[in-house]
Amino acid sequence: MFCFVYVKVMICEKMTSNLEPIPITSQKHDPAWKHCQMFKNGERVQLKCIYCGKIFKGGGIHRIKEHLAGHKGNASTCLRVPSDVRLIMQESLDGVVVKKRKKQKIAGEITNVNQVSSEIVMFANQVDTNTGLHMIEEPDTLEPSSSLLVDQEGTSIVSGERRKRGKGKSSAAEANALSVSTVGLGAKRVNNHVHMAIGRFLFDIGAPLDAVNSVYFQPMVDAIVSGRSGTLMPSHNDLQGWILKKSVEEVKSDNDKVTAAWVRTGCSILVSQWNTQKGRILLNFLAYCPEGTVFLKSVDASSVINSSDALNDLLKQVVEEVGFKHVLQVITNAEEQYIVAGRRLAETFPTLYWTPCAAHCVDLILEDFAKLEWINAIIEQARSITRFIYNHSLVLNMVRRYTFGNDIVEPAVTCSATNFTTLTRMVDLKNNLQAMVASQEWIDCLYSKKPGGLEMLNLVSNQSFWSSCVLIAQLTNPLLRVLRMVGSKKRPAMGYVYAGMYRAKETIKKELVKRDDYMIYWNIIDHWWEQQWHHPLHAAGFYLNPRFFYSMEGDMPNEMLSGMLDCVEKLVPDVKVQDNISKEINSYKNAVGDFGRKMAVRARDTLLPAEWWSTYGGSCPNLARLAIRVLSQTCSTLGLKQNRIPFEKLHETRNCLEHLWLRDLIFVQCNLQLRQIGYESKQQDSMQPMSFEAATIVEDWVMGIDTFLEDDTYSERTALDPLFVNTMFLRPPSDEVEELGAGFDDYEIFNIVKEGDEENAEDNVVS
């Protein structure tokens with residue numbers, strides 16, 4: 001089914017390749033315009049559904065709306081439209097009928113009010129007496145300063161007059177029916193008022209606007225709405241006192257559920273180094289397992305960061321607090337002092353590993369890729385395009401229309417990664433950008449005559465520029481995949497990271513073919529990834545992942561087997577258990593017993609590796625126990641967002657009471673934030689190029705040459721079109737693990753080439 005859908009999408013893309021996209025202007029107000037694309041085919045205008053790709057050669061926007069709504073007749077039904085969009089289209093088509101029916105329903109409720117059952121009458125009396133709900137006339141507009149105010153006695157104040165509630169049973173029930181119906185009909189007008197109130201609050205306190213993406217935002221609003229009018233808001237003392245205390249208790253209770261899983265899965269201690277604006281160096285300690293990540297504590301390490309002995313003592317203290325029997329690895333950055341401290345820690349606790357952060361290593365690889373002369377030149381040319389666009393509102397609006405709401409800058413987790421995600425995004429939108437600079441709208445635009453506009457025209461029209469962008473994207477996308485994989489909370493990365501880096505080197509080799517060419521990039525990878533290649537946990541993760549283990553052609557490379565055996569000896573101190581595991585490995589290798597069941601074979605590609613072992617490893621309990629612990633680990637320290645939490649203030653205060661309060665506050669903030677990492681529904685909003693969170697990451701791509709541009713006025717800044725994302729022109733989202741595929745048989749990749757050994761390696765490849 002997946003292949004059929006993929007082929008169908010490819011056919012649709014091919015059919016539209018010769019069509020010229022036409023921007024949908026902001027003057028088109030029908031809601032269906034946001035769910036289709038407009039193209040010009042000769043003299044005819046055609047519309048295309050963004051969900052199923054069906055092209056309509058006539059019928060206009062009404063036919064698209066019927067298609068999305070599922071109305072049979074003039075248009076076929078779209079089978080891929082989201083249910084909420086279908087509902088909006090149905091309501092738009094049936095709007096007049098719906099309004100008429102609502103009016104009839106209200107009238108019927110009022111006419112038959114005396115026939116309401118005794119239970120409803122009793123409820124109406126209760127509402128009338130206790131809550132102060134009463135009949136109000138719906139105004140044309142809702143202003144915060146007018147009319148709909150209720151005093152504490154339950155008297156409504158409408159246009160300066162006081163109107164007492166009706167006290168009869170009929171009037172109470174009638175008021176209840178009217179007020180409920182009125183709220184339903186006037187919901188959009190009420191929302192504008194609510195949104196303005198929320199906006200004023202956030203503007204007043206200077207909060208980042210993507211605070212609304214918190215998973216706790218909507219529950220807060222719902223709780224406020226559920227309260228009666230006049231409900232007292234918490235005071236500063238309440239928040240600092242009993243509310244914070246109760247929040248600490250709730251977080252500790254949730255953390256206890258996570259730490260209980262350590263007995264089965266073990267955990268990884270993550271050490272994240274943050275450098276503050278005032279020069280402090282803070283170390284934040286987290287503990288990861290598949291059940292969740294918990295914040296442990298924050299330490300000011302400014303005075304000890306360069307001392308491996310002091311770092312070792314600090315790491316040792318945290319391991320002892322967590323319980324060394326639970327800890328499989330401590331992950332830090334790969335600077336020299338961490339390497340020394342980590343190795344000493346592994347000597348102190350023989351049953352754990354020190355591991356360099358995989359995300360940090362991949363980021364350093366991408367950083368060095370960007371320093372290569374030809375890649376750096378392309379990045380700078382691409383930045384000249386984006387800087388011009390994002391510093392002129394009129395140009396940005398035009399780009400968003402021609403790209404159907406897509407931004408051409410795509411923020412990633414680091415600045416180096418953003419360089420390459422943005423180049424990939426620009427490649428995806430190449431045809432849209434070329435259509436824009438060739439349009440009459442662009443020719444007539446004043447900005448097209450400016451130096452930045454002329455430079456953008458030359459680059460967007462330059463095939464050599466695009467060819468270089470495509471090659472860079474092909475070389476770096478596998479590394480970006482690894483970066484997403486090691487930072488993902490969808491699945492523990494330990495079982496996939498080795499395969500991910502294998503595929504990255506394999507892709508580079510296939511793209512460049514000649515050894516002299518691809519070794520330039522392989523040497524960069526091996527320089528930063530050398531310790532990871534030889535890390536027993538990564539090798540064991542590959543070995544114990546049935547998806548990869550059973551896809552190997554020929555014998556497993558010795559590097560993998562040695563890493564696996566090293567993990568057995570280090571993580572399992574009991575020699576009798578080690579011997580049992582050695583025997584059980586043969587059962588796993590030969591797919592004996594439950595390992596060879598048809599269900600188990602199918603599940604190799606569908607279940608998470610640890611779940612597979614839990615389900616089918618019963619005949620090899622010792623090996624299964626070890627496999628679950630290894631495959632339940634992460635590979636990076638990615639986690640907290642530094643710009644949201646007052647760590648520096650915690651370490652600056654000299655007041656004991658304030659320190660205790662800040663410690664509790666940070667404990668709650670960090671753990672609540674870590675819970676949200678798994679939520680992906682609003683990541684798109686929170687990482688827009690112009691968002692607060694992405695500001696430092698995309699700075700090189702959107703900053704102007706000067707502090708401000710003289711030809712951009714404040715009024716133009718406010719004229720930005722609303723942003724909506726249409727992903728039809730972007731490459732479809734993919735599962736990083738699915739892209740890893742099967743088959744690992746390149747001898748040259750498994751045997752890491754070091755300087756001075758290149759001739760021998762080349763001989764091995766030939767032989």
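Predicted model: local features only at pLDDT ≥ 70, side-chain atom pairs only at ≥ 80, totals over all residues.
Residues are numbered from 1 along each chain as its sequence is written, and side-chain values use heavy atoms, with hydrogens and water left out. Local features need pLDDT of at least 70 and side-chain atom pairs count only at pLDDT 80 or more, while totals for chains, interfaces and linings use all residues.

**View 1. Helix H13 and its surroundings.** H13 covers residues 358–371; helices (H or I, at least four residues) and strands (E, at least two) are DSSP runs, numbered from the N terminus. The 14 residues of H13 reach 20 Å from first C-alpha to last, close to the 20 Å expected at 1.5 Å a residue, where the expected span is 1.5 Å times one less than the number of residues. Of these 14 residues, 11 are buried, meaning under 20% relative accessible area, with exposed over 50% and partly exposed in between (1.4 Å probe, protein chains only). Among the buried residues are Cys361, Asp363, Asp368 and Phe369. The buried residues pack against several elements, including strand S12 (353–356) and helix H14 (373–390), where contact means heavy atoms within 4.5 Å.

**View 2. Strand S12 and its neighbour S11.** Tyr353 and Thr355 on one side of S12, and Trp354 and Pro356 on the other, are all buried. S11 (residues 327–332) runs parallel to S12 and is joined to S12 by four bridges; two strands pair if DSSP finds at least two bridges between them. Trp354 in S12 is the bridge partner of Val330.

**View 3. Met220 in helix H8.** Met220 lies in H8 (residues 217–226). Its relative accessible area is 44%, so Met220 is partly exposed.
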